Structures are given as C-alpha cells and as structure tokens.
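Please read these notes alongside the model. They are numbered so that each point can be checked on its own.

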Amino acid sequence: MHVQVTDKATREPIGRVSIARAAEVAEVVARASEAFATWSDVPVVERARFFFRYADALERRHQDLALSVSRENGKTLADARGEVRRGIEAVEFACGMPSLMMGDALSNVARGVDCTSTRYPLGVCAGITPFNFPAMIPLWMFPIAIAAGNTFVLKPSPQTPLTSERLLEIAHDCRFPDGVLSVVHGGQETAEALIEHPAVAAVSFVGSSKVARAIQERAVRAHKRVQALGGAKNYLIVMPDAVNAATCEAVIGSAFGGAGQRCLAGSVVVAVGDAGDALAPMLVDAAARLRLGRGSDDGTEMGPVVSDDALARINGYVERDVASGALLCRPSTQLRVTQELSGAFLEPLIFDRVDPTSELARDEIFGPVLAIVRASSLDEAIEIANRSRYGNASSIFTRDGGSAREFAARVEVGMAGINVGIAAPMAFFPFGGVKDSIFGDLRCHGMDAVAFYTQQRVVVSRWPS
Ligand code: NAD
C-alpha cells in the first residue's frame, strides 16, 4: 500500500512512499538490531566523524532539502531554510559526542575503592515525528542517538515523508553502515509495531498531546524508555510599554509563520492595560499585508495549511467562536485561489476581546488564527497563561526588566521568551514543555537528549595490593 504525497499548495503529486506493515517493521528493526552490535563498538570519535561529514553534506543540500520541506509541507522557503539550519545545528551538536558522552570518576570513595560512571548506548531507538517540521524534528533525534552508539528507525508523518527519505539518502552518501539509520512509513499501525517490537529500547515522539499520551502509556507498558513531546497553546503577553512596530512584527511572525502550524506559534496575545487598543489595529493591518501563496514561490509569506481536514477543523473553531461573540477582524489579504493554487489556504484571522476561557483562547487550533485577550495587569496575564493545560512556550514584550524577570520566574512553560515571538529550540539547550506539552521526563536536544539515548553504568572497584 502506498501514500501519495502532494505539493500542499497545488495538490500536484510529488512522490509516494510505501506503508510498512508490522512484518516489514520487524525486518527493519532486526537489521537495526544486528547493526547495533558493530556500530556500538565503533569508537565514539569515529562515530562523530560520520556526523562531521553528514553536517557538511546537509549544508551542501540545504536548498534542496528546504525545497522538499516547502513543497510537502506548504511552508515558505525562508521558513524551510530556517528549519534545515536548526537541524544542521543539531547535527553539529552531535559531532561533540566524545565530550558529551564522557562519564564521571571519583577515586578513593572508600579506602582503596574507586568509582566511575560510564555512558553506554541503549540499542535500537525509534523516532515518530509530526508533519510540521519534516527536516528539523527527525534531526533533533537520530544524530544524537546514532552518535551515542545506537541505531535508529524513523517513522515520519505520512503527510510529509519525503524529506526523511532525503535525509536517509544523504546518510547513505556519507557511508553510514547499513541498518544504522532506517526509515519506515505509515501511521498509527506502523508506529505501534515499532513501539511494541521487543528490540526497540527507546521511543522519541513529537506530535499532538493526545497521541503523545497514548504513545507514552504504550511504551511504558512495554517497559521502554520514552520521551513524547505534545501539543501547545502559547501566550504572548504584551505590556503597554512595548506596543511598537517590532512587537507587532514579532507577533505576526509567531502567529502566522508556517500558517500557525508550529508548536511554538504564539496564538494568543494577552494585551495588558490599554496595550490592546493600539496593538489590535496594528496587527490587523500587518496581517492584511501578508502575501499568501505557494511556499516555494518568491515573495510568499504564508502558505496553505496541511490538509482539508486541518482546514475544516480550524474553520470549526472559527464558526463556534464567532457564535460566542468574539470580535472577528478578517484582514483582506490578496490570495487569488487559482487552479494551480488549489491547496487548503486560509487567510489569517484575528479575534479581539476573546473570552480567556473560550476554546479559541484555550485549545490548540494549529492554524493561522490569533486571539487577543485583554488583561488588567501582568499578574492577571501570567495567570491566564498558567491556566493552560499546555506549557510549551510563552513570551513577554516589555521594556521593563522587572516585568520580564517576574514573567520568566512565574510562567509555567519549558521555553520562555523575552521580546521574541518564538523562543526557538537551540541544539545545545534542552527543548520541550511542561504539563500536557510533554509526557516523559527528558526533553529533546542538549544534555537531556544525551541522557535519554544513553544508560549509565557505575563501576565500583577495589584492587587488592
Ligand atoms: P500527530 O500527533 O497527529 O502525529 C504525529 C505522529 O504520530 C505522526 O508520525 C503520525 O503518523 C503518528 N500517529 C498519529 N496517530 C497515532 C497513534 N494513534 N498512534 C501512534 N502514532 C500515531 O501530530 P501532527 O498533526 O503530525 O503534528 C502536529 C502536532 O504536533 C501539534 O499538536 C503540535 O503542537 C505538535 N508538535 C509538537 C512539538 C513539540 O516540540 N512539542 C513540535 C512539533 C509539533
């Protein structure tokens, strides 16, 4: 069985992949398991060298990869280039594995007794990834896992599987041994076969919270190590001292970049005091100037959403909330839907004076819809953000250090931004949220990822004289 992949702006077929059933997943995992025996024995310095070559090859294919992301996802080429750049940074981080994997030692913990702790790889690791970052999110996972000595089986989203095939091809070009990195395609059934396979030691997942929770529970039942990053609803607090063009630009980029389909998208502005009175018309004006179109065309600032189902889900929210009395500002952007541009396009929408308890202000809509909520004080704004079931990211816009400091100390999120629309993942710091934005303890990226993909062994030794 195959999945046909389309250009999300034009619906033109651009490739297809075959779905892996449980038996095929088992074969791929068996090969990965066999490869683990030799790969884990390759000195870490040599394993790191594969990733120096890989980073270099990704750099040379940067444009090509960005085009693949843009076409299968719909996002703009600039956004796609940015995500490939973040992915390359994760590979560069993995190049430091000889230092990252170092253990600890303490001599003479008792008379004549020394103690060391050493990190070892786990075995076969699996990655299950979402549609919205087809290059970056796989690159959060397999470079660190593989450089640490594991082998890896990736199952990308069936909506955007082609970029993973390119990442695999590039690994082959860099002469990664067979079975070290594999890609299988499919949806729930393929993912479950992977999680349940006895030779899979650890599961990394990024996607919606509902699926993240189910995957974590399944993996825990099978006694696997698991990290499952889930969905988000991110609040951007704007103080009255920060109503200016730079804030407006940052909010627009955060809310409508990637057509709002980012786990870090700021989809609610919490305007404090009178900030909303001036900010709301600025945002509506700026949104009206966004150029919609095919992501891979020059000058496009917002592409379509990923599918008709996504469009229907987003429109459902819009209709329900219009009925609940929120004030809709529909900026009149200039998308001309032509025969070529027949994808699931939606113009950016801004709702003002939204009830902070409404679906629009609480649920992850995952589309180009921005809600403006009014709050009377910073305290109230932080409270609104902290009432969310999610806790991925939140930002404050202010010129006041005291407000920024208070926000950073009290906001319940994994990533807090100060005067930035997106508190973006950095390869060398852990990345992930809190509450329903993560299931599992260790995050992606940074030393959390090194800890996730390795186990420690403590050796206590005494040498009789
Ligand atoms: P999704 O949860 O629908 O799918 C994610 C992956 O899980 C895909 O590979 C899919 O095939 C697979 N899958 C779907 N249902 C499954 C099931 N029942 N059992 C096993 N596997 C299953 O997510 P999506 O629509 O591809 O991506 C959007 C979501 O991802 C949003 O909620 C977004 O916030 C989230 N996301 C989170 C982060 C983060 O860092 N926290 C980053 C990117 C995206």
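Which residues does Glu 83 touch, not counting residues up to four places away in sequence? Point 2 takes this up.

1. Basis. This is a predicted model, in which local features need pLDDT of at least 70 and side-chain atom pairs count only at pLDDT 80 or more, while totals for chains, interfaces and linings use all residues. Residues are numbered from 1 along each chain as its sequence is written, and side-chain values use heavy atoms, with hydrogens and water left out.

2. Glu 83. This residue lies in helix H4 (residues 77-94); helices are DSSP runs of H or I with at least four residues, strands are runs of E with at least two, and both are numbered from the N terminus. Glu 83 touches Val 69, Lys 75, Asn 132, Phe 133, Pro 134, Ala 135 and Met 136, where contact means heavy atoms within 4.5 Å. Glu 83 is buried, with a relative accessible area of 2%. (Buried means under 20% relative accessible area, exposed over 50%, and partly exposed in between, with a 1.4 Å probe and protein chains only.)

3. Overall build. The protein has 16 helices and 20 strands. Its radius of gyration is 23 Å, close to the 23 Å that the globule rule gives for 465 residues, so the protein is as compact as a globular protein of that length. (The radius is taken over C-alpha atoms, and the rule is 2.2 Å times the number of residues to the power 0.38.) The C-alpha trace spans about 80 × 55 × 40 Å along its principal axes.

4. Burial and contacts. Of the 465 residues, 58% count as buried. Among contacts with a separation of 6 or more, 73% are between residues 24 or more positions apart.

5. An open sheet. Here 6 strands form an open sheet with mixed pairing, in the order S7-S6-S5-S8-S9-S19; two strands pair if DSSP finds at least two bridges between them. Strand S7 (181-183) and strand S19 (438-439) are the edge strands, each pairing on one side only.

6. Strand S9. How many residues of S9 are buried? The count is 4 of its 5 residues, and the strand is mostly covered. Strand S8 (residues 200-206) pairs with S9 in the parallel sense over 5 bridges, and Val 206 stands opposite Leu 229 in S9. S9 (residues 225-229) is also joined to S19 by 2 bridges, and these strands run antiparallel. In S19, Ile 438 is the bridge partner of Leu 229.
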